[in-house]
Amino acid sequence: MESHVSLTDYYSQYIERLFKNHSFRKHFLDQRVFLKIDHRDNDKKAFKKIFAHYLEEAEFTLSLIKDEHPTKNTILLEVGAGLGLVYGYLKKCGYTIYGIEPSHSGFDENYQIALELFKTVGISASTYHNLSAVHISNIHEQFNLIFSNNVLEHIPQLEESLAALKNALKENG
């Protein structure tokens with residue numbers, strides 16, 4: 001995967017702007033208990049720790065797809081794109097990527113928070129969809145590479161969703 005700047009370095013330059021975004025800050029700080037962040041940390045310190053956690057997870061997701069050697073001509077789909085960190089980074093690096101994140105999956109705010117992220121850092125959300133995997137045909141695209149991380153256990157209708165994703169995968173994808 002081509003890039004001169006790591007995902008972590010790319011987003012770290014925006015941490016102050018993201019902290020100032022009320023919706024983004026609130027969403028992250030609401031994760032304190034879940035991520036076992038010390039309640040004595042001030043908001044900014046807690047925000048940075050939580051952001052570092054999500055960046056680490058996004059870096060791991062990138063490591064999973066590097067072995068597939070995607071090029072800028074590879075049409076990618078991230079299933080359960082969450083906060084949009086991987087989607088946004090690859091989009092900014094010039095990759096053809098689509099992301100789906102349903103807003104009714106138990107992670108109700110993720111889609112809206114991702115849109116806040118994209119707006120704050122200047123990333124197009126044109127191929128980021130509020131959509132369940134079972135409805136992937138609504139995008140009308142075939143993908144070379146479909147990936148996710150820490151998502152399958154959250155997908156209702158798993159068998160139907162996997163069948164729909166398989167149908168959206170290009171031959172030899």
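## A guided tour of the model

Begin by selecting histidine 69, which lies in the loop between helix 4 and strand 1; helices (H or I, at least four residues) and strands (E, at least two) are DSSP runs, numbered from the N terminus. This is a predicted model, in which local features need pLDDT of at least 70 and side-chain atom pairs count only at pLDDT 80 or more, while totals for chains, interfaces and linings use all residues. Residues are numbered from 1 along each chain as its sequence is written, and side-chain values use heavy atoms, with hydrogens and water left out.

Stay with histidine 69 for a moment: its phi is near 50°, a positive value in a residue other than glycine. Is histidine 69 buried or exposed? Histidine 69 counts as exposed, because its relative accessibility is 60% and exposed means over 50% relative accessible area, with buried under 20% and partly exposed in between (1.4 Å probe, protein chains only).

Next, zoom out to the whole protein, which has seven helices and four strands and follows the pattern α-α-α-α-β-α-β-α-β-β-α when read along the sequence. Its radius of gyration, taken over C-alpha atoms, is 16 Å, close to the 16 Å that the globule rule (2.2 Å times the number of residues to the power 0.38) gives for 173 residues, so the protein is as compact as a globular protein of that length. Along the principal axes, the C-alpha atoms fill a box of roughly 50 × 35 × 25 Å, and 45% of the 173 residues count as buried.

Now select the four strands, which form an open sheet with the order 3-2-1-4 and parallel pairing; two strands pair if DSSP finds at least two bridges between them. At the edges are strand 3 (128–129) and strand 4 (145–147), each of which pairs on one side only.

Move to strand 1 (residues 75–79), which runs parallel to strand 2 (residues 96–100) and is joined to it by five bridges. Two places to look along this pairing are leucine 77, which stands opposite tyrosine 98 in strand 2, and valine 79, whose bridge partner in strand 2 is isoleucine 100.

In a regular strand the side chains alternate between the two faces of the sheet. Which residues of strand 1 lie on each side? Ile75, Leu77 and Val79 are on one side and Leu76 and Glu78 on the other, and all are buried, with both faces of the strand covered.

From there, select helix 5 (residues 85–92), which is mostly covered, with six of its eight residues buried. The buried residues of helix 5 are Leu85, Val86, Tyr87, Gly88, Tyr89 and Leu90, and just after this helix you come to glycine 94, which takes a positive phi of about 95°.

Two loop residues remain to be visited. Histidine 140, in the loop between strand 3 and strand 4, has a phi near 60°, a positive value in a residue other than glycine, and histidine 140 is exposed, with a relative accessible area of 70%.

Finish at phenylalanine 34, in the loop between helix 3 (22–29) and helix 4 (43–66), where the residue is exposed with a relative accessible area of 63%. If you also select serine 12, you will find that phenylalanine 34 and serine 12 are 22 residues apart in sequence and 22 Å apart in space, C-alpha to C-alpha.
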